[in-house]
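Hi,

Here is the structure I promised to pass on. Have a look at it first, and then read my notes below.

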Amino acid sequence: MTEVVLDALTKRFGRTDVIRGVDLSIRSGEFFVLVGPSGCGKSTLLRMIAGLEEIDGGTLSIGGARVNDLAPKNRGVAMVFQSYALYPHMTVHENMAFGLRLARTSSETVEARVRRAAEMLELGPLLDRRPADLSGGQRQRVAIGRAIVREPRLFLFDEPLSNLDASLRVQTRVEIAKLHRALGATMIYVTHDQTEAMTLADRIAVMREGQVAQVGRPLELYHRPADRFVAGFLGSPAMNFLSVRAAGARGGALRCRLADGTEVATPARADGVAEGAALTLGIRPEHVRTGGDGPAFEVDLVEELGEAHLLHLSGPTGERLVVRRPGGAETRAGARLALAFPAETCHVFGEDGAALARLPEAERARGDAP
């Protein structure tokens, strides 16, 4: 069993706190993704787990044992880097076998492990080639194969797809997901790409400024973000945000008033929210509805995506929204559209950015409660 537990982990460079008291529990066999913007500390945290960065405070446990002071080679981990880090003068076979030979593994074991990994990653025909003769996707598969042959307790991936073009990213993402199912190993994966995070992860930790903003299943974070930062980070296009004022309650549910005076129903609890309090209303582009008696917005730009289109809109008091609609666009720039915000799809955030609690019936209505 390879559970990974981070207890109040800290790291500083000079006077700068880079990792600030991170607590995480990663289950054995889980595909766990650390995601966040550049500079949030996710790669530093991964390197601390690998033993490539010293831990300044807190405790790191792998498989139930404290490993703070263990050398990287003694932690039972294998890391796949963004840069592939292959030896250019060695063949694919030699690159994959090199670490095992350094560890004085028997020739029979080396050959069996390399052949098995090559079969899993469809590298068999490439074993005699050198890295210069491979595509970017093939080089990344070799780097993954080099990790597999070590049979580690824990796999660490540091933005392994960022150097690949769009089609190769999708293909390699599928291969990594298949690899996880085949091995059943614990994997920790760092990325800034929310699509990778949402499609690969069993659970996601969204990081911000060296801390964990929220941990949960992909759809849990998407539908129930803990704060405005998580809500805005996950989703493409990002969630729309509108400045609103609290406008009383109906049936315990908070109502909000837009800048033009239009009132919007929400699923948020009204308890403790003062009349007129400054709040933020959030709604995802695919949830905004056109038509009805809502505020009128002007279409600034129409983006055709093939299977869908995006409408970029501006409101009567300067608000900006993006609406995602399926199929081809019939609306053109310059048109005016009345919008509606279905109550069950709205999110409300307080002045501190935290999401207001939702009424229980609103949670059940969504159908995605944990």
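Helices here are DSSP runs of H or I with at least four residues, strands are runs of E with at least two, and both are numbered from the N terminus. One thing to keep in mind throughout: this is a predicted model.

Most residues other than glycine have a negative phi, and most peptide bonds are trans. You'll find Glu-151 in the loop that links α4 (136-148) and β7 (154-158). Glu-159 also has a positive phi, near 45 degrees, and is not a glycine either. This residue sits in the loop between β7 and α5 (166-183). Is Glu-159 buried or exposed? Its relative accessibility is 12%, so Glu-159 counts as buried, the cut-off being under 20%.

Then there's a cis peptide bond, from Ser-236 to Pro-237, with omega near 0 degrees. Pro-237 belongs to the loop between α8 (228-233) and β11 (240-250).

Now for a pair of helices. The axes of α2 (residues 92-102) and α4 come within 8 Å and cross at roughly 30 degrees. Angles under 35 degrees count as roughly parallel, so α2 is roughly parallel to α4. The crossing of α2 past α4 is right-handed. Which residues meet there? From α2 come Val-92, Asn-95 and Met-96, and from α4 Val-142, Gly-145 and Arg-146. Sorted by class, this contact has three nonpolar residues, two polar and one charged.

Cheers

Key: Residues numbered from 1 in each chain as written. Predicted model: local features only at pLDDT ≥ 70, side-chain atom pairs only at ≥ 80, totals over all residues. Heavy atoms only, no water. Buried < 20%, exposed > 50% of the residue type's maximum accessible area, 1.4 Å probe, protein only. Axes fitted to C-alpha atoms, helices over the stretch in contact; angles between N-to-C directions. Parallel < 35°, antiparallel > 145°, perpendicular 65-115°, else oblique. Left-handed = near helix turned anticlockwise from the far one by under 90°. Contact = heavy atoms within 4.5 Å. Nonpolar A, V, L, I, M, F, W, Y, C, P; charged D, E, K, R; others polar.
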